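This report looks at one helix and at the charged pairs around it. The sequence and the structure come next, and the discussion follows.

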Amino acid sequence: MQAITVRDRDAGPAGMSLTDMPHPHAAENDVIVRVHAAGFTPGELDWPATWTDRAGRDRTPSVPGHELSGVVTELGYGTTGLSVGQRVFGLADWARNGTLAEYTAVEARNLAPLPADIDHTVAAALPISGLTAWQGLFDHGRLTTGQTVLIHGAAGGVGSIAVQLAREVGARVIGTGRSAARDRALSLGVDTFIDLQTDKLEDAGEVDVVFDVIGGDILNRSAALVRPGGTLVTIAMPPEVRPRDGRAIFFVVEPDRARLTDLAARVRDGRLKPGVGAVRPLAEAPSAFAPGSSTPGKTIIRVAED
């Protein structure tokens, strides 16, 4: 099979290449998925798990990408809950070969059934952004109806889904971003948009939950905006500044089949619209990782036609 592989950590996107690799093996409780569409995170070339396994051993050449949508072609020993020929989507393990490949091995529990009326390119944009948004807002932030949430990067992959989910539960949403993101954020339903280039972040006032995807100075300044009993949630870095009378939480997204199923149901009935941007073939995946290549919406790699 063909896959995008990386071998040289210092080379960045220039070290990525389209390579012939052996067909993956289905371990116990795995499935093999014929990948139709895959998503990736540009920063994953800096993640330790891209280069080493859980024991710290070098695992190059490795395959990046951790979001996928496709069809099950093989079941490993002991695998239950999925069947050969079934459409699925979900997350690949961080420390195993990923989804920028024609086939990949995935733990069955990390995948959810994909309804026939959701396109693979849309489904591939959902796992990391959708699960991160849900877990950040509700599992960690405990956002409820009538509260106010400040969502940084409101027009981005995670932020745009977080805005839609927060609006659905009846929260007031303040979104931030650069000036070019204003129209997109407002169209998603933010009540107030703060331009981080020209407006004062502190004008947001007190909020119940801050959901941060940026880190650094923005994260540190956001702690003062959390009202007593509220929560600062971030996926960017462990927070250095904590709310005076509240919680501060850094987390990494976790697979969740039941939640993926819920998110797919929201896509089907129009309550949730993932922001799909450019759709590129597998051979162009290395250039999609290059700095400055980002476009509005999440770039999806089309590996196979439906």
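Which residue just after α6 takes a positive phi? G270 does, with a phi of about 85 degrees.

## Basis of the values

The model is predicted, so that local features need pLDDT of at least 70 and side-chain atom pairs count only at pLDDT 80 or more, while totals for chains, interfaces and linings use all residues. Residues are numbered from 1 along each chain as its sequence is written, and side-chain values use heavy atoms, with hydrogens and water left out.

Helix α6 covers residues 257–268, and its 12 residues reach 17 Å from the first C-alpha to the last, close to the 16 Å expected at 1.5 Å a residue (the expected span being 1.5 Å times one less than the number of residues). Helices here are DSSP runs of H or I with at least four residues, and strands are runs of E with at least two, numbered from the N terminus. At the N-terminal end, D256 caps α6 through a side-chain oxygen that lies 3.2 Å from the backbone nitrogen of A258.

The buried residues of α6 are R259, L260, L263, A264, R266 and V267, where buried means under 20% relative accessible area, exposed over 50% and partly exposed in between, with a 1.4 Å probe and protein chains only. Seen down the axis of α6, these buried residues fall within an arc of 155 degrees, so they line one face of the helix (the arc is that of the directions from the helix axis to the C-beta atoms). They pack against β5, β7, α1, α2 and α3, contact meaning heavy atoms within 4.5 Å. The face turned away from the buried side carries the exposed residues A258 and R268.

## Salt bridges around the helix

The whole structure holds 18 salt bridges, each defined as a side-chain nitrogen of Lys or Arg within 4 Å of a carboxyl oxygen of Asp or Glu. In one of them R268 pairs with D117, with the closest N and O atoms 3.0 Å apart; this pair links helix α6 to the loop between β7 and α1, across 151 residues. R268 counts as exposed at 51% relative accessibility, and D117 counts as exposed at 52%.

Another salt bridge joins the side chains of E168 and R271 at 2.8 Å, N to O. Because E168 lies in helix α3 and R271 in the loop between α6 and β14, the pair ties together parts that are 103 residues apart in sequence. E168 is partly exposed at 33%, as is R271 at 39% relative accessibility. A network of salt bridges links E168, R266, D269 and R271.

Technical notes:
A polar contact is a pair of N or O atoms within 3.5 Å; within protein, one must be able to donate a hydrogen and the other to accept it, and residues adjacent in sequence count only if both atoms are side-chain atoms.
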